[in-house]
Amino acid sequence: TTSPVPARLDMVNYDKWDKLDLGSDDDEPRTRGRPQVTRLEGPSTVTFGGGRGDVVDVRVDAPRPTNEPVRAAKASDKAPARNDLDASYAKFDALAGDISSDDDINDYYEDEYHAQMDAARRAEFEDTLRNPDGTWKELPPLVRQPGKYIGDMPPPSYPPPDVAEARLMADMDRLAERTEAFTRNGAAENAIEPSEKDAAAESDDKGDPADSQQRAGYMWSQEHDECVLSVVVPAGTKAKDVVVECTEDRVKIVLANHASRSATMLVDDDIAHRIDPEPRDDEELERAADGFDVPRVYGEWEVCDWEPQSLGGRRVVRVTFRKKGLGAMTHWWRRALRSGKEIDTAALKCRKEGKAAESQKIWEEATAAFKESVKNRKPIPIPYTGPSEDSGDES
């Protein structure tokens, strides 16, 4: 025998799930709710303000309720006219007048006043251009003269001679300050004398002079731990137009001319003294610790202004050399490049008076003491236990 299959009524009824509303109120546009209307029965008082600002009480004469039953409204019934209602709205109009600001009225009358004044001025100006009979006067034609401006265009603003002279003097002072900073404890060289090899190449080459070394002026300055070489370049030169190659004992500066696809050698000379490399950053230190060959970098360079625009606008390529460390001693260079002229380091302003003579005296005393110790040193015999020269090798 087989058991009968139970009817659907004996199982769970899922009809209530079909009627479940899974929609969101945010997905549907919100409709404005039905306004709430409060019916006033008899004379009443309505208060406006609700505790915010001034409170205004308005007396409303509403009709009194009657005992007659309320008849249901029909479609054929017409809406009663406003005059048939007993409520008076005059007080509401007065209330709106009290709440409105007087600034709107003042602005209205002020705008009207300005409009009338403008019309009066326009009429007065037109009267000066009209004849007594009302016709327009004939004005002479405008003739444009050279060097003069007619109409609303302002004249050119050229500075007075005294102002232009003051600006020029200020630019000259600025140039003097920069030159003094670029030659501090150093000097200025008018030209770089080319080496013999470059001079021979220059004499053989009669074509493009850019292939040979150009005589370029430069300045150099120094401090306790660095020396800065400033090479003069034309106005408008940028860093992308310059190539600087610096090693431990030599520097080379090339100026590229992108328009003519040529290059000019500005500096190719030995540095007066060997220099130290620039300190490595964290990434270079990590690569060196991992065994990679990280080359050392000598010298840092930049392109900056030297002359103001009114004096030519030339710029300089500044290369900074890091001096060899000598501990507590300071090595003052007599020149920056091998081809440069030497200066008197004893006359430097940064050095104290008598400091150079004192240092020279200490150096001479130390040298004399070392020579004396070498002279008076006695030889120390060292015993030799090896074979003598007379003894031969036994076979």
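Helices (H or I, at least four residues) and strands (E, at least two) are taken as DSSP runs and numbered from the N terminus. On that basis, the chain holds seven helices and eleven strands. The model is predicted, and local features need pLDDT of at least 70, side-chain atom pairs count only at pLDDT 80 or more, and totals for chains, interfaces and linings use all residues.

**Chain totals**

- Of the 395 residues of the chain, 20% count as buried, where buried means under 20% relative accessible area, exposed over 50% and partly exposed in between, with a 1.4 Å probe and protein chains only.
- The accessible surface of the chain is about 32,800 Å², and carbon and sulfur atoms account for 51% of this surface; areas follow the Shrake-Rupley method with a 1.4 Å probe.
- Among contacts (heavy atoms within 4.5 Å) between residues at least 6 apart in sequence, 54% join residues at least 24 apart.

**The sheet S6-S7-S8**

- Three strands form an open sheet in the order S6-S7-S8 with antiparallel pairing, two strands being paired if DSSP finds at least two bridges between them.
- Strand S6 (242-246) and strand S8 (262-270) stand at the edges with a single partner strand each, so one side of each has no neighbour in the sheet.
- Neighbouring strands of this sheet are turned by 10 degrees against each other on average, direction ignored; the strand axes are lines fitted to C-alpha atoms, and angles run from 0 to 180 degrees between N-to-C directions.
- S6 and S7 pair over five bridges in the antiparallel sense, with Val243 opposite Val254 in S7, and a hairpin of three residues joins S6 to S7.
- Strand S7 (residues 250-257) pairs with S8 in the antiparallel sense over eight bridges, and Ala256 has Ala263 in S8 as its bridge partner.
- The hairpin between S7 and S8 has four residues between the strands, and Arg261 in the turn has a positive phi of about 55 degrees.

**Thr345**

- Thr345 is found in the loop between strand S11 (315-323) and helix H7 (355-375).
- Thr345 counts as buried because its relative accessibility is 9%.
- Apart from neighbours within four places in sequence, Thr345 is in contact with Trp332, Trp333, Arg334 and Arg351.

**Aromatic rings**

- Arg287 lies over the face of Phe292, at 4.7 Å from the ring centre; a charge sits over a ring if NZ of Lys or CZ of Arg is within 6 Å of the ring centre and within 35 degrees of the ring normal.

Technical notes:
Residues are numbered from 1 along each chain as its sequence is written. Side-chain values use heavy atoms; hydrogens and water are left out.
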